[in-house]
Amino acid sequence: MDEVAGQEEYEWLKSNPKIMKAGKMICRLMNDIVGHEDEQKRGDCASGVECYMKQYDASEKKAIEEIQNMVANGWKDINEDCMRPTNAPMLLLQHIVNLVRVTDVMYGDDDDAYTIPLKFKRLCHFIIC
């Protein structure tokens with residue numbers, strides 16, 4: 001990363017720009033959508049799905065739909081920051097976007113390839129072949 005980012009870029013990242021906020025939100029919410037049921041069975045703390053359901057007195061289906069909308073809006077924020085001139089080099093922005101893309105691969109299509117790695121293994125095999 002030293003080739004991509006110097007002190008100025010680290011300071012920019014520490015300011016928590018919109019692209020970082022959106023990326024972190026997407027990662028958290030996509031994980032919550034696919035893992036919230038198992039997490040509740042294990043007695044983990046409430047996920048975004050449970051919090052939304054409680055705060056808005058919503059069904060699980062409605063909560064997931066709204067969280068998926070939040071994820072879509074997060075991608076819009078990422079795209080907006082990538083299209084807008086910034087002091088951050090494009091290569092740094094690409095690294096951020098690629099990390100969020102991995103989340104989409106791991107948790108997209110309501111799959112949890114992190115917890116159930118066989119799903120990810122099949123995906124990798126498909127991509128390589």
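A residue is called buried here when its relative accessible area is under 20%, exposed when that area is over 50%, and partly exposed in between. With that cut-off in hand, the tour can start, bearing in mind that this is a predicted model.

**Confidence first.** Confidence is highest in helix 4 (residues 60-83), at a mean of 94, and lowest in helix 6 (residues 117-128), where the mean is 58. Where pLDDT is low, predicted coordinates should not be read in detail.

**Helix 3 and its buried face.** Select helix 3 (residues 48-56) and show the side chains of Gly48, Val49, Glu50 and Tyr52, which are the buried residues of this helix.

**The crossing of helix 2 and helix 3.** Two packed helices are described by the angle between their axes and the distance between those axes. Keep helix 2 (residues 18-42) and helix 3 in view: they pack at an angle of about 85°, with their axes 8 Å apart. Because angles of 65 to 115 degrees count as roughly perpendicular, helix 2 and helix 3 are described as roughly perpendicular to each other. Which residues make the contact? From helix 2, select Asp32, Ile33, His36 and Gln40; from helix 3, select Gly48, Val49 and Glu50. The residues of this contact divide into two nonpolar, three polar and two charged.

Step on to Asp57, which follows helix 3 and lies in the loop between helix 3 and helix 4. Its phi is near 50°, a positive value in a residue other than glycine, and its relative accessible area of 74% makes Asp57 exposed. Most residues other than glycine have a negative phi.

Now move to Asn16, in the loop between helix 1 (7-14) and helix 2. Asn16 is not a glycine either, yet it has a positive phi, of about 60°. Is Asn16 buried, partly exposed or exposed? At 26% relative accessibility, Asn16 counts as partly exposed.

**The largest nonpolar core.** Next, select Trp12, Ile19, Ile26, Ile67, Ile78, Cys82 and Leu93, which, of the 25 residues in the largest nonpolar core, touch the most other members. Helix 2, helix 3, helix 4 and helix 5 (90-107) each supply at least two residues of this core. In soluble globular proteins, nonpolar side chains tend to be buried together.

Centre the view on Ile26 and display its surroundings: leaving aside residues up to four places away in sequence, Ile26 touches Val71, Gly74, Trp75, Ile78, Val100 and Thr103.

From Ile26, pass to Thr103, one of the residues it touches, which sits in helix 5. Thr103 is buried, since its relative accessible area is 9%, and, again not counting residues up to four places away in sequence, it touches Ile26, Cys27, Met30 and Gly108.

Finish at Val102, also placed in helix 5, where the relative accessible area of 46% makes the residue partly exposed. Draw a line from the C-alpha of Val102 to that of Cys27: the two residues are 75 apart in sequence and 9.1 Å apart in space.

Methods:
Residues numbered from 1 in each chain as written. Predicted model: local features only at pLDDT ≥ 70, side-chain atom pairs only at ≥ 80, totals over all residues. Heavy atoms only, no water. Axes fitted to C-alpha atoms, helices over the stretch in contact; angles between N-to-C directions. Helix = DSSP H or I, 4+ residues; strand = E, 2+ residues; numbered from the N terminus. Parallel < 35°, antiparallel > 145°, perpendicular 65-115°, else oblique. Contact = heavy atoms within 4.5 Å. Nonpolar A, V, L, I, M, F, W, Y, C, P; charged D, E, K, R; others polar. pLDDT = per-residue confidence, 0-100. Buried < 20%, exposed > 50% of the residue type's maximum accessible area, 1.4 Å probe, protein only. Core = buried A, V, L, I, M, F, W, Y, C linked by side-chain atoms within 4.5 Å.
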